[in-house]
Amino acid sequence: MAEDGYSKFLSYLQNAEDTTTESYSSNGTSKHNIVENGSVQILSPDEEDADAPTTYTRSELNISSRRKQLSRRASTTEERRNPFAEREGNALIWRNVNMTLSTKQGEKKLLNDVWGEVPPGEITAIMGPSGAGKSSLLNVLAGRSRSTAKLNVQSEIRMNEYLVDPTNIEVRKQIAFVAQDDSLSFTATPREAIRFSAKLRLPRITTDNEIEELADRMLAELGLKDCADTMIGGSLIKGISGGERKRTSVGVELVTKPSLVFLDEPTSGLDSFSAMQVIKVLKKIAHAGCSVLFTIHQPSSDVFNSFDRLILLNKGMVMYQGPVSEVPEYFARHNHPMPPMFNPADWIMDVANQYSQEQLMKEGFFCKDERNMPPAIVPSGNDELLDSLGVSRHDDISEDEWKHVGFETEVRLLFKRELIHTSRNKKGVGARFALTMFMSLLIGNIFFGVGGSSMTDPSEFNSHFGAMIMVLMMSMFGTAMPTLLSFPEERPVFLREYSTNHYGVVAYFMSRLANEAVITFLQILVCLSALLPVLLSIAYPLVDLQSNFLHFLAIEYALAMSSTALAVLLGCAVEDPTMATEFLPLLFVPQLLFAGFFVRTDLIPPWLRWAQYLCALTYGVRLALLAEFGDCANDDSIFPNLCAELLDANDVKESETSLYWGVLWTLFFVFRLAGLTLLRKKSTKFY
Ligand SMILES: Nc1ncnc2c1ncn2[C@@H]1O[C@H](COP(=O)(O)OP(=O)(O)OP(=O)(O)O)[C@@H](O)[C@H]1O
């Protein structure tokens with residue numbers, strides 16, 4: 001089956017090996033084996049039978065130098081401006097790929113000894129009936145599927161001559177992956193999305209002008225010129241069409257000049273012209289040296305005939321694998337000649353769907369992997385593996401300009417995008433601020449002027465205290481709730497970008513923090529005062545609170561930041577916005593219970609009392625009580641002194657003011673750090 005294509009591919013491998021081998025030994029004809037300690041044994045022809053072959057360490061052999069040189073090919077500005085600049089491809093080869101699902105009825109094989117390869121310079125399509133295992137195979141190869149309690153995944157995958165574990169995040173980052181669902185920031189335009197990807201993923205030597213031209217050329221190739229500056233859109237904002245969004249996702253990955261690209265149904269939802277446009281771009285990128293693998297449903301005959309290779313899956317097994325040009329002849333040889341004037345893609349799918357697996361096996365389909373491959377090298381670590389892939393972002397590379405952009409650039413670009421997102425997300429952010437204003441007005445009117453009322457009348461005094469608590473709670477809930485909901489909402493974009501090497505978790509976290517710090521401050525300001533000066537304020541002057549405005553603002557801000565930190569921690573823990581809403585009570589109810597105004601904290605059972613130290617509201621309330629009632633509590637001329645009684649009832653001591661501030665900001669740091677750790681753990685673990 002597919003002998004020509006396969007032998008061409010083996011010869012590619014052989015060449016790759018020969019070249020590598022040449023760097024091992026001067027005569028260029030040696031063979032190498034891997035020995036247990038990770039070193040490489042060299043056997044030259046006349047030494048093959050010798051008892052003790054010479055063993056070298058990898059660094060002695062300078063195994064990666066060839067690839068490092070090749071990775072720097074795109075060194076002229078013209079090459080850097082060209083999204084289709086020549087590159088060194090990475091051949092992907094796999095065999096024994098098995099995926100087994102354990103169910104109550106027994107074990108179900110989703111992938112059964114699947115084998116194949118994707119040579120550089122060619123585009124390879126995976127086709128097959130629905131449920132055949134196309135996406136499952138792509139996900140295993142891309143490291144996006146791993147064993148769980150119910151799912152057992154096994155595979156033997158190599159990139160070039162190296163055995164790789166694609167679930168290793170460092171390997172995954174080398175694979176450009178276009179998923180079926182387009183996880184793009186909905187407020188960005190196609191041009192901005194492509195530019196963002198290029199800026200963060202291309203070596204820092206690439207100038208802004210070069211990136212601009214790269215983005216322009218990519219947009220033109222994908223037929224996105226007309227909508228280049230329209231927002232991508234989503235459920236809140238109407239944006240570009242589904243097909244344009246799909247092409248933008250493709251552009252975002254291809255602009256980084258990858259050497260290996262996987263695409264899950266890149267043409268779904270596209271008309272035949274747009275589908276052909278995408279395939280043409282994939283072919284162009286393949287001709288530049290890239291290896292392209294994608295799943296596809298029902299391609300037109302033009303699209304089908306433009307593929308180089310085909311992997312036809314049927315019920316988790318390889319029914320055909322080889323050059324597309326050999327498909328008609330192969331099917332004819334196995335009793336299924338293609339009728340004239342038929343779309344070959346439809347024909348092979350008809351055969352796969354109509355006949356049972358047993359019948360097709362009898363007819364000679366589903367042949368076993370009979371490739372005789374040279375032994376794979378087991379990389380001794382990530383560095384050796386990445387060097388072998390031509391990745392130039394290691395400490396041993398002296399020229400800074402070839403490295404991935406630095407941490408500050410990541411934070412700056414992310415922060416800028418967050419700000420643009422906030423300014424364009426008028427519905428989301430507008431609703432947040434409008435709601436804050438409305439609630440401030442409501443509270444301000446209900447508690448109108450109570451802050452200036454008598455300090456000795458118990459009912460008026462209680463209203464004063466109630467108003468202060470309401471203002472605190474409103475700012476706390478109003479800032480924490482949108483944060484809790486927005487984190488899982490933006491999660492798919494983050495995970496896609498993180499797993500495709502845009503930026504690190506810390507950079508993402510820092511930029512989010514900076515953005516939240518600004519938004520939270522503005523929101524608190526709106527709640528307390530519509531605009532500075534205080535004359536135009538809402539809740540604060542309407543209620544006529546007595547404390548110093550800036551002092552009260554600082555307390556509210558610290559409380560809001562601590563609460564949003566807890567919201568971020570919960571947001572990192574949950575995977576979707578619906579689940580996040582289920583978590584809302586966990587964010588607020590304990591805060592109310594431990595704040596001390598429903599029940600004195602010293603009356604809470606001792607085994608539960610520790611939880612008060614995790615509740616920011618407890619300390620926010622204590623600081624606000626001191627700010628609002630501290631002076632009157634110290635005034636001996638007032639009798640009965642309700643202020644002193646209130647502070648006493650809430651266990652508030654003026655001498656502990658610094659402690660309250662300390663706990664409030666410590667909670668902020670602890671929750672933020674826990675959130676960061678959780679996000680990092682989750683993001684490296686699974687896509
Ligand atoms: N994690 C999983 N848990 C349970 N079943 C799974 C899992 N992943 C895949 N499957 C099952 O494996 C089979 C193959 O799924 P897959 O999505 O790979 O098919 P496909 O060929 O891409 O189908 P389609 O063309 O309809 O998208 C399906 O029956 C699917 O339900």
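How much of the chain over residues 659-679 is helix, and how far apart are the end C-alpha atoms? The answer is 100% helix and 0% strand, with those end atoms 30 Å apart. A quick caution: this is a predicted model, where local features need pLDDT of at least 70, side-chain atom pairs count only at pLDDT 80 or more, and totals for chains, interfaces and linings use all residues. Numbering runs from 1 along each chain as its sequence is written.

Okay, on to helix α10, residues 272-287. Helices here are DSSP runs of H or I, at least four residues, and strands are E runs of at least two, numbered from the N terminus. The expected span is 1.5 Å times one less than the number of residues. For the 16 residues of α10 that should give 22 Å, and the end C-alpha atoms are 22 Å apart, so the two agree.

Its buried residues include Val 278, Ile 279 and Leu 282. Buried is 20 or more other C-beta atoms within 10 Å of a residue's own, exposed is 12 or fewer, partly exposed is in between, and C-beta atoms are placed from the backbone. Among the elements covering those buried residues are β6, α8 and β10. Just after α10, Gly 289 takes a positive phi of about 120 degrees.

Met 341, in the loop between α12 and α13, has a positive phi of about 60 degrees. Met 341 counts as exposed because it has 6 C-beta neighbours inside 10 Å. Asp 651 sits in the loop between α26 and α27, and its phi is positive too, near 60 degrees. With 14 C-beta neighbours inside 10 Å, Asp 651 counts as partly exposed.

Note on methods: Two residues are in contact if their C-beta atoms, placed from the backbone, lie within 7 Å.
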